[in-house]
Amino acid sequence: MSERTVPTSSDCCPNDCGALRHGDTVRDSFESIYTHWHPQVLRWARRRCVDPQEAEDVAQQVFADVWRYSGRYCSRRGEIGPWIYGITVHKAADASAAVARRYGGLRRLIRSPVAANPDVGAGAVERVHMASSLSELPDRKREVLFLAYYLDLTQPEVARLLDLPLGTVKSHTRRGLRALAHLLDAHA
């Protein structure tokens with residue numbers, strides 16, 4: 001009877017014995033791995049992501065990591081599927097957390113006392129006009145202005161919430177306000 005040994009990380013990728021590293025095997029067969037696993041990774045990501053576009057982004061990130069970290073895969077530890085599944089789970093969790101951070105401010109607005117008791121009559125026409133003009137702004141500028149002026153967040157808070165540099169938030173705010181002023185003038 002032979003004694004069973006547990007492979008170590010040095011056993012999996014023996015650089016010293018002249019054998020081909022498993023990571024190189026992954027890169028050498030990347031095209032077939034991508035072709036075979038992409039539909040499954042996309043299904044896994046769609047189950048975990050709210051937005052279908054987000055799921056496609058996650059799938060691309062997964063295969064970028066498969067390529068980038070191919071040296072971490074060891075066939076002696078198991079098939080490549082569970083390794084790819086693990087990467088997918090982590091990328092989808094990161095994407096879901098980013099969406100939650102991005103829209104956490106919106107949830108606060110919905111629960112705020114101002115939202116619970118709006119003055120329906122006063123300024124309704126102005127609010128509709130403003131909302132119409134805001135909808136014409138690019139997504140990022142509209143999001144920055146919404147967080148700053150509707151949720152009353154400071155620019156550092158907006159930067160943290162959107163995971164943007166503070167200077168970028170300031171630029172989006174300034175340019176967004178300028179664009180909004182031009183749109184309001186055009187509609188007036």
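The structure is a predicted model, in which local features require pLDDT of at least 70 and side-chain atom pairs count only at pLDDT 80 or more, whereas totals for chains, interfaces and linings use all residues. Residues are numbered from 1 along each chain as its sequence is written, and side-chain values rest on heavy atoms, with hydrogens and water left out.

A search of the whole structure finds 5 salt bridges, a salt bridge being a side-chain nitrogen of Lys or Arg within 4 Å of a carboxyl oxygen of Asp or Glu. One of them pairs Asp-65 with Arg-68, whose closest N and O atoms are 2.6 Å apart. The two residues are 3 residues apart in helix 4 (residues 52-68), and so are separated by about one helical turn; helices (H or I, at least four residues) are DSSP runs numbered from the N terminus. Asp-65 is buried, with a relative accessible area of 9%, while Arg-68, at 48% relative accessibility, counts as partly exposed; here buried denotes under 20% relative accessible area, exposed over 50%, and partly exposed the range in between, with a 1.4 Å probe and protein chains only.

Asp-65 also forms a salt bridge with Lys-91, with the closest N and O atoms 3.1 Å apart. This pair links distant parts of the chain, since Asp-65 lies in helix 4 and Lys-91 in helix 5 (residues 80-111), 26 residues apart. A further salt bridge joins Arg-142 to Asp-139, the closest N and O atoms being 2.4 Å apart, and both residues lie in helix 8 (residues 139-150), 3 residues or about one turn of the helix apart. Arg-142 is partly exposed at a relative accessible area of 27%, and Asp-139, at 56% relative accessibility, counts as exposed. Through shared partners, salt bridges join Asp-65, Arg-68 and Lys-91 into one network.

In soluble globular proteins, nonpolar side chains tend to be buried together. The largest nonpolar core in the model has 22 residues, and those with the most contacts inside it are Val-66, Ile-80 and Ile-84; such a core is a set of buried Ala, Val, Leu, Ile, Met, Phe, Trp, Tyr and Cys residues joined through side-chain atoms within 4.5 Å. Helix 3 (30-48), helix 4 and helix 5 are the elements that give two or more residues to this core, and the largest share, 7 residues, comes from helix 3. With neighbours within four places in sequence left aside, Ile-80 is in contact with Val-26, Ile-33, Trp-37 and Tyr-73, contact meaning heavy atoms within 4.5 Å. Apart from this core lies another, of 10 residues, among them Val-144, Ala-148, Leu-153 and Val-158.

His-38 is likewise found in helix 3, where the residue is buried, with a relative accessible area of 17%. Not counting residues up to four places away in sequence, His-38 touches Ile-33, Ala-59, Gln-60 and Phe-63. Turning to helix 8, Tyr-150 is placed in this element and, at 41% relative accessibility, counts as partly exposed.
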